[in-house]
Amino acid sequence: MKSEIEIVSLIEAYLRNELSTEERGAFERLRNEDASIDHKVVEHESFINRMAEFGQHKQLLADMDMAHQQLDIEQLKADVLPVSFKIRSLFRKYRFNTAVAAAVAIVTVFATLLSTGYFSKTITNNYSALRRDINNIKRSQNQLIKGINDNPSKGPVNPGQFGGTGFALSSNGYVVTNYHVVKDADSVYVQNSLGESFKVKQIYVDPAYDIAVLQITDSAFKSLGTLPYTFKKSGSDLGEDVYTIGFPRDDQVVNRGYLSSLTGYAGDTVAYQVDISVNPGNSGGPLLDSRGNVIGIINAKQTQTEGAAFAIKSNYILQSIGAIPQDSLEVGLTVNKKNSLAGLSRTDQIKKMKGYVFMVKVY
Amino acid sequence: MSKEIRSSVSDDREVVFGILNDSKHTLNQLYKAHFPMVLQLILSNNGNEDDAKDIFQESVIVLYNRIKSGNFELNSKLKTFIYSVCRRLWLKRLNQKSRNISGELTDLENLESIEQDLAYHEEKDAQFRQMEKALMLLGEPCKTIIEDYYMQNRSMQDISEKFGYTNADNAKTQKYKCLQRLKKLFFQI
């Protein structure tokens, strides 16, 4: 029996085809006869193949490493990467910060717009409510005049912080004016064309329609007598001649014009647009048509446009009156239905109207 | 000059023949032609150039295995084959690295059926690692003797001269012992 070493070297020689034909024939016979030898041959062959494969694998890896070293990796990297890669990686890095910054910016923009009143339609730059700011110089002048005249009225001598116009709703002392005239008021007085002041209290305000209803509570007040004008319920026509009486200064001033549009500022259907020259202090004044019907109440004008004043439509006044609960009133409020101005000339109408239009003084 | 022209016009078929003949020139060419593409793929998908090297070399090994196993049909471009393999390998590695990288590389669809190749490759790879470990444990001079004889096919005569054995028989005995130990180690691991 041959030694283990000899058998293995024989097998190797056999596998490597190093045996001569005779030796080979002898070995194959031996292999056929002895199963254990055959088994060893198969086992050895597979192991040697495995090692050979491993050798090839290592060789391949080594070759590839050689090939790899020949390449300029940095140059390749620069070539294959898209130019935007830097930007993209920056974006990836900072996208969270960017999102936060954008959110803050959006919030800031909207907060600023909101706080400056960009979203509220009524307060706009070229829309000014016609309430009069009475300055200190005027007040001192007024005090002098009132001192000389020895005015009998019981009202305060000073002309108030703000002024506007109001007109009678009924003979028993109800007066209508604009809400913005009496807004934030400590106390409100009305002064008639004779210069007499009466204390009033606010009965009802409607900020949406810019309407305020006042009642004269002064003990010196006597009835006004029957109102000469009525309130027009239906709409008026374009181009209609209109006029207004107001107190842009301390005396009554009459202005005339015509109805230029059936809608007010920025398409506001509550108001008319009137081509009439009005000034601060005209707010709350009656807008009358040629037959002496009240068709509206002057409340504002557009500052950057010539001849665009606005007046709240008269049926909103009637609506406001209707909205006052009658039970809460001390004396009944009934709106005059008989017009005694129709057919009179403009000057006669104004003469009759004079006593029913008041200056509203706000403190 | 002629070499330059030949490498620039060499098509896939030539590369396949080159691989079958173990041509180093072909390997270099393959490396030069396709590595940039893989580098780009890996770099733009959270990898670095070392990853690219690993993945590309693995894909070349897969390609070699496929070609040498004899049943390689050139039914797509080599470039496509390499790209698909690299893409799959990298996806797998990404998944191993972190479970929560949602793993779809937004690129070409899988154009090649490479499932079998990859499975085969993995199996081989495991064997190779086992062999490498066994060889490491074997230590010198056995490791070099085995490598020289079985992997580089050097003759026993050369080996006995290199290691200073008095005759080839001594070297043979030594080699036999080494082989027995290697077998033992290999099957133990």
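Ala266 of chain A lies in the loop that joins β10 (253-261) to β11 (271-275) of chain A. In this predicted model, the phi of Ala266(A) is near 55°, a positive value in a residue other than glycine. Is Ala266(A) buried or exposed? Ala266(A) counts as exposed, because it has 10 C-beta neighbours inside 10 Å and the limit for an exposed residue is 12 or fewer.

Asp210(A), which is not a glycine, has a positive phi of about 60°. The loop that holds Asp210(A) runs between β6 (197-206) and β7 (211-216) of chain A. Asp210(A) is buried, because 25 other C-beta atoms lie within 10 Å, and a residue is buried at 20 or more.

Attention may now turn to chain B. Chain B contains nine helices and zero strands, and its pattern along the sequence reads α-α-α-α-α-α-α-α-α. Of the 189 residues in chain B, 26% are buried. Among the contacts in chain B with a separation of 6 or more, 61% are between residues 24 or more positions apart.

The confidence of the predictor should be kept in view while reading chain B. The average pLDDT of chain B is 76, and 84% of the residues score at least 70. Over residues 1-10 of chain B, pLDDT stays under 50, and the model has three contacts beyond four places in sequence for this stretch. For the complex, the predictor gives an ipTM of 0.73 and a pTM of 0.44.

Within chain B, one pair of helices may be followed in detail. At what angle do α4(B) and α6(B) pack? The angle is about 105°, and the axes of α4(B) and α6(B) are 10 Å apart. That angle makes α4(B) roughly perpendicular to α6(B), because angles of 65 to 115 degrees are classed in this way. From α4(B), the residues Ile61(B), Val62(B), Asn65(B) and Arg66(B) take part; they meet Asp117(B), Leu118(B), Tyr120(B), His121(B) and Lys124(B) of α6(B). By class, the residues of this contact between α4(B) and α6(B) are four nonpolar, two polar and three charged.

The two chains also meet each other. In the contact between them, 26 residues of chain B touch 25 residues of chain A. On the side of chain B that touches chain A, the elements giving two or more residues are α3 (24-43), α4 (49-68), α6 (115-138), α7 (142-151) and α9 (168-188) of chain B. Which of these helices gives the most to that side? The helix is α3(B), with ten residues. The side of chain B that touches chain A has 14 nonpolar, six polar and six charged residues.

Helix α6(B) also packs against a helix of the partner chain. Helix α3 of chain A (residues 35-70) and α6(B) pack at an angle of about 95°, and their axes are 10 Å apart. The helices α3(A) and α6(B) are therefore roughly perpendicular to each other. Here Arg50(A), Met51(A), Phe54(A) and His57(A) of α3(A) meet Gln127(B), Phe128(B) and Met131(B) of α6(B). The residues of the contact of α3(A) with α6(B) comprise four nonpolar, two polar and one charged.

Note on methods: Residues are numbered from 1 along each chain as its sequence is written. Chains are lettered from A and ligands numbered from 1 in the order in which they are written. This is a predicted model: local features need pLDDT of at least 70, side-chain atom pairs count only at pLDDT 80 or more; totals for chains, interfaces and linings use all residues. Two residues are in contact if their C-beta atoms, placed from the backbone, lie within 7 Å. Helices (H or I, at least four residues) and strands (E, at least two) are DSSP runs, numbered from the N terminus. Ala, Val, Leu, Ile, Met, Phe, Trp, Tyr, Cys and Pro count as nonpolar, Asp, Glu, Lys and Arg as charged, and the others, Gly among them, as polar. Axes are lines fitted to C-alpha atoms, for helices over the stretch in contact, and angles run from 0 to 180 degrees between N-to-C directions. Angles under 35 degrees count as roughly parallel, over 145 as roughly antiparallel, 65 to 115 as roughly perpendicular and the rest as oblique. pLDDT is the predictor's confidence in each residue, from 0 to 100.
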